[in-house]
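Student: I have a structure to go through and I'm new to it. Can we take it piece by piece?
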Amino acid sequence: MYTTITYIFEKDGVKGMACGYKPENVTILEERVILHAEDGYTLYKGEEEVGGAVWLVTGDTIDNYTEKELPPEPEEEPEENLD
Amino acid sequence: MFDRTKLLNIGGGVLPRSWQYSSSDDITTNGYFPAESRIQSGDKLTHVVYDRDNATYNTTSYFVDKDDDGVLSVSEIPGGGSANLKELEVDSHIYEQIIIPAPGWDGYNKVTVHKVTSAIDSNITASNIVNGVNILGVVGTASASAPKEVARYVIDENGVATVSNRNLTGAFDDITSLGEDSLKSAFSNTNVYGEISFNNCSAIRNNALSYAFSNTNISGEVSLQNCLGVNFSGLYGAFQNTNISFFNAPKMYSTTWGHCFDNTFNNCKNLRGFNLSNMQSVLQGSAETFRNAFASSGIENATFYINGAQINTFIDAFYNCKNLTYANFSEITTLSYQGAFNGTFYYCTNLTNVYFNSVSSITASDCFVNAFKGDSNLSYVNFENLYSISASGNNTFVGAFNGCSNFSQGNIFGAVNRITSSSTQQRNIFNGTFYNTGLTNMYFSNLTTLSGNAVFNKAFQYCSYLKDIYFPSFYNWNNSNLVFGSGMLQFVSNCTVHFPKSTQNSMSTWSQVASGFGGTNITVLWDLPSISNNFNDSGCYNIMSSGTIGGNTFAVGASSESADAWQAMKNSSSDLSTGWHSGVSEAPHYFDLYFPEGAQCNYIYWDIANSVDRTTNAPEFINVCVSDDGNTWKQVGSSFVMSRETSDFTEYEIHLTYPRFYKYYRLFFNSYQNNPSYITTINRLYFYLGLCRYNEE
């Protein structure tokens, strides 16, 4: 698991989010901590699956979450190019 | 008499006139004999005397012999001076002849051999000779074509088939029906060749031709166009790995033909095309139909004109077809069979254009899994009428365009209005669909309804050129944090995702959105025109308060108006007299709406106050036309769908089946009984986007 910062901003009457970078020349309204699962994993809060990423709201902590491996991908077709 | 002894004692000289000397090498020296030193054994003296009484010549010959000591001697050749000869005539025969003179005769002084005639062999007849060819005076009358070779194959007691004659051209011309398993693998892996046709065969039963000609040297066109029916697996692998160049399909009246064309033309490198136009409408088979049918073949153009025949699947049908450049499935309107196009065009590296332009809905799961995987030259796939994706399972487009490095058609799913899925699995509708493609932007212009889980899971993984994704109609979702799935933009950087302003309050709380969909340096903007979610909000009736042309408001026009058209857009529930009146003029009357940013309408409502004389004012019917430029129009809907009466109004509705974004809408109204003296009145007109009214904030 790892975290990033998402910035809620506004510019010229348009609201937006900057995910993982800090935007410039905008009005930053809010900062949010985002908890991510590693590739191939999904997050669980207790027994409930919450997906690949979750917004840690005030009062929530990383300790409330666990990672579980996603189901395996199906077998791919052979990669060789048959001529 | 010449004293021959003198011959032995002299050194050569002149012979008497009746004598002749010839050396052993047959050199005759008339009148002379050689010197002693040149006389050889085998030399001959001949004395010829004319018998006047019998009028004949009597010849006496003498051999000259010279022994090793050089001693010469002369001996008379028996009968040489008195041979009894006769003449002989001989007929030619096909056999050897040895002829000995009859008793009393010493030989023949003249032999005449008669020339060969056609009588020499009784087979020399006109019917056995090619027409126009003369053999020994007999002119042929037989046909120039070679006698037909008929393939003969024998199956021994151990079930091993051998073929005694290889050319199969015309070999099956007299066959009228093929029973179940009749030619199953019959010629497979043999040295047969020629062109195959079953032009008089009316039915091909189960497995009748399964692998019949696989791995042989048959070539040219395969003709089955007169065959009326093919049953289950009838042509399974029939021509696999051969040199055939074209295929004429049978008429296919039969009811069950699952697996019929599975592997049929697999690895036919010389196969360039096929004609399926003979295939009539048949009942849908329950099993696969074209699995691997043309895989690794030389097919260049895959156009399916199937006269309404219901074909289930094309799983791997054109896998590895390197010559395939174009595919057309315009006749298909609904995809309901699981796996229909899974792997169908996998590794068709020269494929550029594919058409599914009549497909309006997809209800099957696993429909296009890896369908175009590895097609590095693919540039255009037509789904212009695809409105609904409602897979009962999931994985509809999993990996569909994986590795299509030149694919940048951002509006491929621009017509899709609703995506619904009941699946709770993590891999879903667009899982990995555009993995590593050349997309620079993506438009889901008409997508209003989205449900299910992980719909866009890893949809745009490794799309390194992707900069913008637009969801301008995004309104009705299942409000779940999981709807997008994780990693929609995994391994994508610096991309912006656009949503309508009206969705900002709710969507900004979604973790999938706030995380940037798993990408790097992702921006989410709510910069698109809002979609009202207050379907029954009466406060949204009022769209215009006065006529305004251009800008971000409606521009309303009408022909022959006596009341401004914008009056129909007012909230005038209390004023039953206001509205748009077309004025007296020749029908039809029409009413234009202009949306500078485009709008998607799927539902139009209007009413007429009960106080209005509907005999002379109510429109008889309405046509809806759309345009992107105000000049070129296309009709998208017509006639009334429903009407109802209330205390004050008579209300009318029309639903547009496949709503899309257009800038111009024209509503044609024909006056009652098409009477040019009548006018059209609309007291109130409501225009709906998706499930919402358009409401400019």
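Student: Is B:Phe213 buried or exposed?

Tutor: B:Phe213 counts as buried because its relative accessibility is 0%. Buried means under 20% relative accessible area, exposed over 50%, and partly exposed in between, with a 1.4 Å probe and protein chains only. Before going on: this is a predicted model, where local features need pLDDT of at least 70 and side-chain atom pairs count only at pLDDT 80 or more, while totals for chains, interfaces and linings use all residues. Residues are numbered from 1 along each chain as its sequence is written, chains are lettered from A and ligands numbered from 1 in the order in which they are written, and side-chain values use heavy atoms, with hydrogens and water left out.

Student: OK. How many aromatic pairs are there over all chains?

Tutor: The whole structure has 60 of them, over all chains. Rings of Phe, Tyr and Trp (its six-membered ring) pair if their centres lie within 6.5 Å; planes under 30 degrees apart count as stacked, over 60 as edge-to-face and the rest as tilted. One of the pairs is B:Phe213 with B:Phe239, which is stacked, at 5.7 Å centre to centre and 5 degrees between the planes.

Student: Where in the chain do those two sit?

Tutor: In distant parts, 26 residues apart. B:Phe213 is in the loop between β16 (203-204) and β17 (217-223) of chain B, and B:Phe239 in the loop between β18 (229-230) and β19 (243-248). Strands here are DSSP runs of E with at least two residues, helices are runs of H or I with at least four, and both are numbered from the N terminus.

Student: And B:Phe239, buried or exposed?

Tutor: Buried, because its relative accessible area is 0%.

Student: Why is the pair B:Phe274 and B:Phe294 stacked?

Tutor: Their ring centres are 4.7 Å apart and their planes at 25 degrees, so the pair counts as stacked. B:Phe274 lies in strand β20 (residues 273-275) and B:Phe294 in the loop between β20 and β21 (301-303), 20 residues apart. Both B:Phe274 and B:Phe294 are buried.

Student: Changing topic. How many residues of chain B are in contact with chain A?

Tutor: 33 residues of chain B, in contact with 33 of chain A; contact means heavy atoms within 4.5 Å.

Student: Which residues form the salt bridge?

Tutor: A:Asp39 and B:Lys458, with the closest N and O atoms 3.8 Å apart. The term covers a side-chain nitrogen of Lys or Arg within 4 Å of a carboxyl oxygen of Asp or Glu. The count between chain B and chain A is one.
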